[in-house]
Amino acid sequence: MTYLIHGATGAQGAPVAAALTAAGLDVTAAVRTPSTYEGPGAAVAVDFTDTASLTSAYRDVGGVFVHLPIGSPAQQLAAATAVADAAEASRPARVVVSTSGYTLEDPESALAVLVRRLDEAGISTAVVQPRLYLENLLLPFVAGPAKERGVLSYPIREDYAVSWSSHLDVADVVVGLLRDSSITGIVGVGALPGLLGKDLAASFEARLGQPVSFESRDPDDFGTDLARLIGPGAAPVVDSYKWRATQPDEVIDEATSAQQRLGISPRSVTDWLGQMGV
């Protein structure tokens, strides 16, 4: 029995494919061009705009890991609809959906539509809900000043607590959920209690062996640097940090956390930095 992994060449899917393989499980990567796939396991061609390709890929698999591709709300809704249609037709044994840092609060969002349709179809479904990714701290204009000037600058308030997690932590939880179909619904991933900017700085300080302080950065200034790396895609990211400025915190619910539901805790920031070679 194989597990089908969407985005197996990307930041979320690649760690999941690696973790499943390390656990001795078979993996099939769901990618656009199988001939270029160099990761573990086999590969199959899929397209979020082609329900038939998804239906064929989902048939007879032990589980599917899916996160919606980056795009406009309309594009994401189209992808969610295609995934739901394919799952209804092929009936995979299990589906694990990552919210990619978002929530299901908006019932009309593509994510909410996807999860609702999977539930209504009676397909065993779990929703992995991380918050901010630690990998964001590896951006050159974030990690660089921390190393060079001892200043960790990021566009959140000094008093803004976040349940930070890494893609590796998410992969651990996804593997657990693919292997245990008895756990359904939302599973939050991230640090408890939430971490402040000063906590992140302390981890960098411990890892680098030099003083590091936290500095709250203006989202627009952050976006200027981000746009140099990713272009127009920086705009919605900036908007997300402006939204965060209106929120009290970004901490997962302990009752539905991976710590409580699976007994899986995220890595410490210091340990994660070591794994990343910082």
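Which residues does Tyr241 touch, not counting residues up to four places away in sequence? I found Leu132, Asn136, Tyr154, Pro155, Ile156, Pro219 and Phe222, with contact meaning heavy atoms within 4.5 Å.

A note on the ground rules before going on. This is a predicted model, where local features need pLDDT of at least 70 and side-chain atom pairs count only at pLDDT 80 or more, while totals for chains, interfaces and linings use all residues. Residues are numbered from 1 along each chain as its sequence is written, and side-chain values use heavy atoms, with hydrogens and water left out.

**Entry: Tyr241.** I placed Tyr241 in helix α9, which spans residues 234-244; helices (H or I, at least four residues) and strands (E, at least two) are DSSP runs, numbered from the N terminus. Tyr241 has a relative accessible area of 4%, so it is buried (under 20%; exposed is over 50%, partly exposed in between, with a 1.4 Å probe and protein chains only). I also checked Pro145, 96 residues away along the chain from Tyr241: their C-alpha atoms are 20 Å apart.

**Entry: aromatic pairs.** I counted 5 aromatic pairs in the structure. Rings of Phe, Tyr and Trp (its six-membered ring) pair if their centres lie within 6.5 Å; planes under 30 degrees apart are stacked, over 60 edge-to-face and the rest tilted. Tyr154 and Phe222 have ring centres 5.5 Å apart and planes at 65 degrees, so I noted them as edge-to-face. Tyr154 is in strand β7 (residues 151-154) and Phe222 in helix α8 (residues 219-230), so this pair ties together parts 68 residues apart in sequence. Both Tyr154 and Phe222 are buried.

Phe222 also pairs with Tyr241: the centres are 5.6 Å apart and the planes at 65 degrees, so this pair is edge-to-face. Here helix α8 is linked to helix α9, with the two residues 19 apart. I was pleased to see one aromatic cluster formed by Phe141, Tyr154, Trp164, Phe222 and Tyr241.

**Entry: α2 and α3.** How do the axes of helix α2 (residues 51-58) and helix α3 (residues 73-90) cross? They come within 8 Å and cross at roughly 45 degrees. The axes are lines fitted to C-alpha atoms, for helices over the stretch in contact, with angles from 0 to 180 degrees between N-to-C directions.

On the α2 side, the contact is made by Thr51, Leu54, Thr55 and Tyr58, and the α3 residues include Ala82, Val83 and Asp85.
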